[in-house]
Amino acid sequence: MCRWVLFALFFVICSGAVEQKKKKVKPQSFGRGWGTNISWVQNYEEGLSRMVKSQKPLMVIHHQVGCPHSQALKKAFAAEKSIQKMAQQDFIMLNVVRETADKNLAPDGYYVPRILFVDPSMTVRADIVGRYGNRLYAYEPGDMAYLAKNMKKAKVLWHTEL
């Protein structure tokens, strides 16, 4: 009797292990909901490296997972086709949920959400700002046309400076 109980227990454990192997683990996306068809870099250092190699500007989105303003901006950003297309084709993309040690990425403070552009000469583009005087690099969901304009500006300014 004891053998049958041990055999049944062994069978249940083994079948559970096989079941776990069958489940495919989805790789972690560094997009975090900001765009599924965009190639996102994992961290700031990787972004800088890929930016220099590709000669495309780096777009850095600072946000927090639990912030309602970040969530609203993410939803608008992901829904805007022109922004998604430019992000896919013309930029190295990074979204950051933890602050970087580089103080250049917080020229007017550590608030979220904020979006900054870095050109391939590793210069933070302090001249490309949002609409708000008290939070220069902030964007809201209704600012997607303004953000698209700034993305074009970041792309054009870099190419005209070469």
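Select K74 first. Leaving aside neighbours within four places in sequence, K74 is in contact with R32, G33 and W34; contact means heavy atoms within 4.5 Å. This is a predicted model: local features need pLDDT of at least 70 and side-chain atom pairs count only at pLDDT 80 or more, while totals for chains, interfaces and linings use all residues. Residues are numbered from 1 along each chain as its sequence is written, and side-chain values use heavy atoms, with hydrogens and water left out.

**K74 and its helix**

Stay on K74. Where does K74 sit? In helix α3. Helices here are DSSP runs of H or I with at least four residues, strands are runs of E with at least two, and both are numbered from the N terminus. K74 is buried but has no salt bridge. Its nearest side chain of opposite charge is E99, 16 Å away. Lys and Arg count as positive, Asp and Glu as negative; His and the chain ends are not counted. Buried means under 20% relative accessible area, exposed over 50%, and partly exposed in between, with a 1.4 Å probe and protein chains only. A salt bridge needs a side-chain nitrogen of Lys or Arg within 4 Å of a carboxyl oxygen of Asp or Glu.

**The cores**

Select M59, F77, M93, F117, L147 and M151. These have the most contacts inside the largest nonpolar core, which has 22 residues. Such a core is a set of buried Ala, Val, Leu, Ile, Met, Phe, Trp, Tyr and Cys residues joined through side-chain atoms within 4.5 Å. The elements giving two or more residues to this core are β1 (58–62), α3 (68–79), α4 (81–90), β3 (114–119) and α5 (144–161). Which element gives the most? It is α5, with five residues.

Centre on M151. Beyond its neighbours within four places in sequence, M151 touches M59, I83, M86, A87, F91 and F117, all as contacts. Then switch to a second, separate core of 17 residues, which includes Y44, L58, L105 and L116.

**The sheet**

Show the strands. Four of them form an open sheet in the order β2-β1-β3-β4, with mixed pairing. Two strands pair if DSSP finds at least two bridges between them. β2 (92–96) and β4 (123–124) stand at the edges with a single partner strand each, so one side of each has no neighbour in the sheet. Zoom in on β3 and β4: they run antiparallel and are joined by two bridges. T123 in β4 is the bridge partner of D119.

**Salt bridges**

The whole structure holds seven salt bridges. Start with E46 and R50, whose side chains meet at 3.6 Å, N to O. They are four residues apart in helix α2 (residues 44–54), about one helical turn. E46 is partly exposed at 27% relative accessibility, and R50 is partly exposed at 32%.

Next, pick D90 and K155. Their closest N and O atoms are 3.1 Å apart in a salt bridge. D90 lies in α4 and K155 in α5, so the pair ties together parts 65 residues apart in sequence.

Finish at R125 and D127, a salt bridge at 3.1 Å, N to O. Is R125 buried or exposed? Buried, at 10% relative accessibility. D127 is partly exposed at 41%.
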